[in-house]
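Subject: Structure handover and notes

Hello,

Here is the structure you asked to look over. My notes follow below it.

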Amino acid sequence: MANSVNTNVGAMIALQNLNMTNADLAKTQGRINTGLRIANAKDNGAVWAIAQNQRATSQSLNAVRESLQRGQSTVDVAISAGETVSDLLLQMKEKALAAADASLDANSRTALNEDFKALRDQLAKAVNNAEFNGINMVKSAGVTIAALANSDATSKITVAAQDLSLGGSTLGASLSATASIGTLTSAGTMISTVNTAIVNVSTALSKLGTGSKALGSHLDFVNKLQDSIDAGIGNLVDADLAKESAKLQSLQTKQQLGVQALGIANQSSSILLGLFR
C-alpha cells in the first residue's frame with residue numbers, strides 16, 4: 001500500500017475499533033446503571049415484549065390480591081358477628097329455660113323477660129354493625145362477596161351472604177324483633193325457637209368460615225404466582241452484574257489501549273516528512 005498523507009488506513013482502523021469499544025462500554029455501563037440486560041425494545045425486541053406482557057400480568061395480580069384481601073376481611077367481620085350472635089343465642093336460651101319454670105313469681109319472670117329482650121336487641125345491633133368497607137353480609141338482604149380470582153377477571157371466588165337478622169331465614173320468623181318470654185307459654189315455645197336458631201347459625205358460620213379459608217388459600221397462591229412471574233421476568237431481562245463488572249474493567253483497559261493505538265496511527269504520516277529533508 002502506498003504511503004499517503006491523504007489516507008491513513010491505520011488510523012481509520014484504529015478509530016473503528018475504538019468506536020466499537022466505546023459502544024460496548026456504553027452498553028455495559030447502561031446495564032450496570034439500570035441492572036437490566038434488556039432495558040428496552042432496541043436491546044432485544046422479542047424478549048422485551050415477552051417480559052412486558054409478564055409485567056402486565058404481575059401488576060394485574062396486585063388488583064387480584066387487593067380484591068381477595070377485601071373479601072377476606074369482609075367475611076371475617078361477618079364471622080365475628082355470627083359468633084357474637086351464637087353466643088347471644090346461648091344466653092337467650094338460658095333465659096328462656098329459666099322462664100319456663102312454672103314456679104316463678106311475676107317479678108322474676110319480668111326480670112328474665114327484660115334480660116331476654118336486652119339480649120335480643122344486642123343481637124340486632126351486632127348484625128346491623130357487622131360492616132366492612134360498606135358491605136354487610138349478615139343483615140337482611142346482605143351482600144354476597146365475589147372476589148377476583150385471576151388477572152383478567154374471568155374467574156371469581158364467591159362467598160354467599162348469610163341472613164342473621166331477627167325474623168330472617170336463619171333465625172326464623174318466631175325469633176323476631178318483638179320476641180319475648182313474658183309468659184310461661186311463650187317461654188316454652190322460645191326454647192325450641194332458639195335451639196333451631198343456634199343450629200342454623202352454626203351452619204351459616206360454617207359456610208362463612210369455608211369461604212374465608214378459600215379466599216385465604218387463593219391469596220397465598222396468588223402471592224406465590226406473582227413471585228414466580230417476577231422471578232421469570234428477572235431471568236429474562238436482568239443483568240449479571242458480576243459479569244458486567246468484569247467486562248467493564250476489560251473494556252476500560254481496551255479503550256485506553258485503543259486511544260493509544262489511534263495516537264500512534266495518527267503519527268505515522270509524520271514519518272513521511274523525513275523523506276523530504
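A salt bridge here is a side-chain nitrogen of Lys or Arg within 4 Å of a carboxyl oxygen of Asp or Glu. This is a predicted model, where local features need pLDDT of at least 70, side-chain atom pairs count only at pLDDT 80 or more, and totals for chains, interfaces and linings use all residues. Residues are numbered from 1 along each chain as its sequence is written, and side-chain values use heavy atoms, with hydrogens and water left out.

Salt bridges

By that rule there are four salt bridges. Side chains of opposite charge can pair when their charged atoms come close.

One of them joins K95 to D115, with the closest N and O atoms 3.6 Å apart. This pair links distant parts of the chain: K95 sits in helix α2, D115 in helix α3, and 20 residues separate them. Helices and strands are DSSP runs numbered from the N terminus (helices H or I, at least four residues; strands E, at least two). The cut-offs are under 20% for buried, over 50% for exposed, and in between for partly exposed (1.4 Å probe, protein chains only).

Another salt bridge pairs K117 with E114, at 3.3 Å between the closest N and O atoms. Both residues lie in helix α3, three residues apart, which is about one turn of the helix. K117 is partly exposed at 24%. E114 is partly exposed at 43%.

R120 pairs with D121, with 3.1 Å between the closest N and O atoms. R120 counts as buried, at 8% relative accessibility. D121 is partly exposed, at 32%.

Helix α3

Helix α3 covers residues 106-128. Its 23 residues should span 33 Å at 1.5 Å a residue, and the end C-alpha atoms are 33 Å apart, so the two agree. The expected span is 1.5 Å times one less than the number of residues.

Which residues of α3 are buried? They are R109, L112, N113, F116, L119, R120, L123, A126 and V127. Their cover includes α2 (45-99), β2 (135-136) and α4 (184-237).

Helices α2 and α4

Two packed helices are described by the angle between their axes and the distance between the axes. For α2 and α4, the packing angle is about 165 degrees and the axes are 7 Å apart. That makes α2 roughly antiparallel to α4. Angles under 35 degrees count as roughly parallel, over 145 as roughly antiparallel, 65 to 115 as roughly perpendicular, and the rest as oblique. Axes are lines fitted to C-alpha atoms, for helices over the stretch in contact, with angles from 0 to 180 degrees between N-to-C directions.

Helices α5 and α1

Helix α5 runs over residues 241-267. At 1.5 Å a residue its 27 residues should span 39 Å, and its end C-alpha atoms are 39 Å apart, which agrees. What do the buried residues of α5 pack against? They pack against α1 (9-34). The buried residues themselves are E244, L248, L251, G258, L262 and A265.

Take L262, in helix α5. L262 is buried, with a relative accessible area of 17%. Not counting residues up to four places away in sequence, L262 touches A11, A14, L15 and L18. Contact means heavy atoms within 4.5 Å. L262 and I13 are 249 residues apart in sequence, yet 8.5 Å apart in space, C-alpha to C-alpha.

Now T21, in helix α1. T21 is buried, at 4% relative accessible area. With neighbours within four places in sequence left aside, T21 is in contact with L251, K254 and Q255.

Two loop alanines

A141 is not a glycine, but has a positive phi of about 60 degrees. A141 lies in the loop between β2 and β3 (145-148). A141 is exposed, with a relative accessible area of 70%.

A153 likewise has a positive phi, near 60 degrees, and is a residue other than glycine. A153 lies in the loop between β3 and β4 (156-159). A153 is partly exposed, at 41%.

Best wishes
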